[in-house]
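Work through the exercises below with the sequence and the structure at hand. Each task is followed by a solution in steps.

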Amino acid sequence: MARPAVETRALIKTFGVVPVLRDINLQISEGRCALLTGGNGSGKSTLLRIIAGLSQPTSGDAIVFGASSRNLGVVRRRIGMLTHQSWLYPNLTARENLTFYAELYGMPHGDGLAEKWIAAVGLAAANDRVREFSRGMEQRLSIARAMMMAPDLLLLDEPFAALDPDAVAMVADLIRSAIARGCTALLTAHSQLDLGIEIDRYQIVNGRVVPFRDESRAPQRSRIGA
Amino acid sequence: MGAFAAVLRKDLRLEIRSGQSTIALFALSLLIMVVLVFALNPQPIDRARDAAAALWVALVFGGMLGATRSMIAENENGCMRALTLSPIDPAALYGAKLAAAFAFMAIVEIAAVGLITLFFNLDFGADLARLAPSLMFGTLGFAALATLLAAISSRTRAGDLLLPILAIPLFIPAIIAGVKASEAALSGFPLAAASQWLGILAAFDVLFITLGALLFEHVIRED
């Protein structure tokens with residue numbers, strides 16, 4: 001049995017007195033792809049932020065590759081993350097943004113890596129400033145930013161939002177490639193997705209993460225690429 | 001060192017491209033000089049004192065503006081979270097932001113020194129050169145403090161109001177030392193005459209930089 005890449009232990013998160021996540025015990029094995037579904041405000045993004053160490057749980061813990069998310073240390077560089085915010089500098093070009101992140105992570109040949117990933121996500125506007133990008137173009141570049149460091153754990157918060165069908169297929173292909181090389185992925189979405197690979201499915205119900213079992217009552221799945 | 005250089009290079013590139021901070025700082029310095037020179041109408045005997053006061057008012061207000069803008073750029077699109085998740089050491093990140101703020105402030109101060117020379121009818125010469133240590137120590141200390149506090153204030157809704165409320169009381173002892181050291185330099189006294197004030201400024205630099213390096217990690221971390 002593969003070791004857990006991500007494990008949450010009795011994790012609770014409250015904002016003020018409002019409980020958002022209640023007693024979350026989730027385990028995702030290395031090399032697996034997991035999908036977490038839930039409605040708006042159900043706590044999906046909060047859980048991803050806690051796993052990435054960007055937000056602190058009220059109690060309990062999240063363990064990522066054996067390290068507590070309260071102090072991830074060197075494990076941070078093994079995580080690639082996509083959020084609702086692009087984490088891109090509007091006054092830098094697409095190429096400059098990716099080159100900056102490559103240098104930040106100490107990657108050699110940052111320029112070449114940026115070129116490769118701009119091509120991989122199908123962006124033609126490498127030298128345009130991000131502030132001139134549409135939402136979909138920004139999402140493509142964010143996906144490149146999250147994946148270019150070949151992370152061992154991908155945390156993707158609604159990765160298919162704002163993408164056109166061609167881009168959806170391309171991003172699904174990138175996720176499949178990442179899983180194929182042994183990366184672990186945790187995706188969130190509002191409804192079920194079919195990426196053409198085996199996915200561990202969970203949903204958030206009243207602040208608790210439960211396995212998604214009742215597939216007959218599942219919302220219509222979107223078949224993507226493959 | 002690579003990550004430090006990457007953040008510093010990125011900040012400088014953003015500033016060179018937009019020029020927002022530098023232009024705003026220069027305009028603010030010009031405004032302060034014009035207001036003070038006409039309000040004070042300095043007599044020859046008071047010129048050094050009044051010029052030193054004007055210079056430090058420009059330094060403090062300009063520094064707050066520059067540090068705030070630098071942090072706003074990081075919070076736009078959530079980029080600070082990307083930096084937090086990246087392998088860069090928080091102290092190195094603080095150092096890069098501090099170095100960028102220092103560079104912006106230094107450029108504007110060179111222009112501000114030119115303006116006080118013009119508006120206060122000072123002579124170009126050794127007196128101006130003697131200003132360098134007090135300005136350098138003062139700029140470094142204020143950039144160190146403002147960078148730390150701007151990281152706190154930029155995450156709040158009333159950040160622009162919060163920064164001066166936090167920064168100015170903490171920086172008052174250093175302002176007094178800076179004004180006194182600058183006045184001594186502009187009055188033509190040798191550097192040794194201002195050594196105790198320069199010592200105070202250097203001590204504040206060490207204090208603020210150490211505090212910033214230690215606390216920055218906690219300041220940028222979310223609840």
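**Exercise 1.** How are helix 2 of chain A and helix 1 of chain B oriented to each other: roughly parallel or roughly antiparallel?

*Solution.* The model is a predicted one. Step 1: find the two helices, residues 94-104 in chain A and residues 2-18 in chain B. Step 2: take the angle at which they pack, about 155°, with the axes 8 Å apart. Step 3: compare with the cut-off, since angles over 145 degrees count as roughly antiparallel. Helix 2 of chain A and helix 1 of chain B are therefore roughly antiparallel to each other.

**Exercise 2.** State which residues of these two helices meet, and sort them by class.

*Solution.* Step 1: helix 2 of chain A brings A:Glu96, A:Phe100, A:Glu103 and A:Leu104 to the contact. Step 2: on the side of helix 1 of chain B, the partners include B:Gly2, B:Ala3, B:Ala6 and B:Val7, as well as B:Arg9, B:Lys10, B:Arg13 and B:Arg17. Step 3: sorting the residues of this contact gives five nonpolar, one polar and six charged.

**Exercise 3.** Describe the contact between the whole chains.

*Solution.* Step 1: count the residues, which are 28 from chain A and 27 from chain B. Step 2: turn to area. The size of an interface is often given as the accessible area lost when the parts come together. Between chain A and chain B, about 2,600 Å² is buried, and carbon and sulfur atoms give 58% of this. Step 3: look for the main contributors in chain A. A:Arg76, A:Tyr89 and A:Leu104 supply 25% of the area that chain A buries against chain B, more than any other three residues.

**Exercise 4.** How many cavities of 30 Å³ or more does the whole structure have, and what lines the largest?

*Solution.* Step 1: the search finds three such cavities. Step 3: its lining draws on both chains, including A:Trp87, A:Tyr101, A:Met149, B:Ala82 and B:Leu85. Step 4: strand 7 of chain A gives the largest share of this lining, three residues. Step 5: by class, the lining has nine nonpolar, one polar and one charged residues.

**Exercise 5.** Which helices each supply at least two residues of the lining of the second largest cavity?

*Solution.* Step 1: this cavity has a volume of about 60 Å³. Step 2: the helices are helix 2 (20-40), helix 3 (47-75) and helix 5 (90-119) of chain B. Step 3: helix 3 of chain B gives the largest share, five residues. Step 4: the classes in this lining are seven nonpolar, three polar and one charged.

Terms used: Residues are numbered from 1 along each chain as its sequence is written. Chains are lettered from A and ligands numbered from 1 in the order in which they are written. This is a predicted model: local features need pLDDT of at least 70, side-chain atom pairs count only at pLDDT 80 or more; totals for chains, interfaces and linings use all residues. Side-chain values use heavy atoms; hydrogens and water are left out. Axes are lines fitted to C-alpha atoms, for helices over the stretch in contact, and angles run from 0 to 180 degrees between N-to-C directions. Helices (H or I, at least four residues) and strands (E, at least two) are DSSP runs, numbered from the N terminus. Angles under 35 degrees count as roughly parallel, over 145 as roughly antiparallel, 65 to 115 as roughly perpendicular and the rest as oblique. Contact means heavy atoms within 4.5 Å. Ala, Val, Leu, Ile, Met, Phe, Trp, Tyr, Cys and Pro count as nonpolar, Asp, Glu, Lys and Arg as charged, and the others, Gly among them, as polar. On a 1 Å grid over the protein atoms alone, a cavity is a set of points where a 1.4 Å probe fits but cannot get out, and a pocket is an open set with protein on both sides within 12 Å along at least five of seven lines; lining residues have an atom within 4 Å of a point. Grid points are joined across faces, edges and corners, and a volume is the space filled by probe spheres set on the points. Buried area is the accessible area (1.4 Å probe) that two parts lose on being put together, summed over both.
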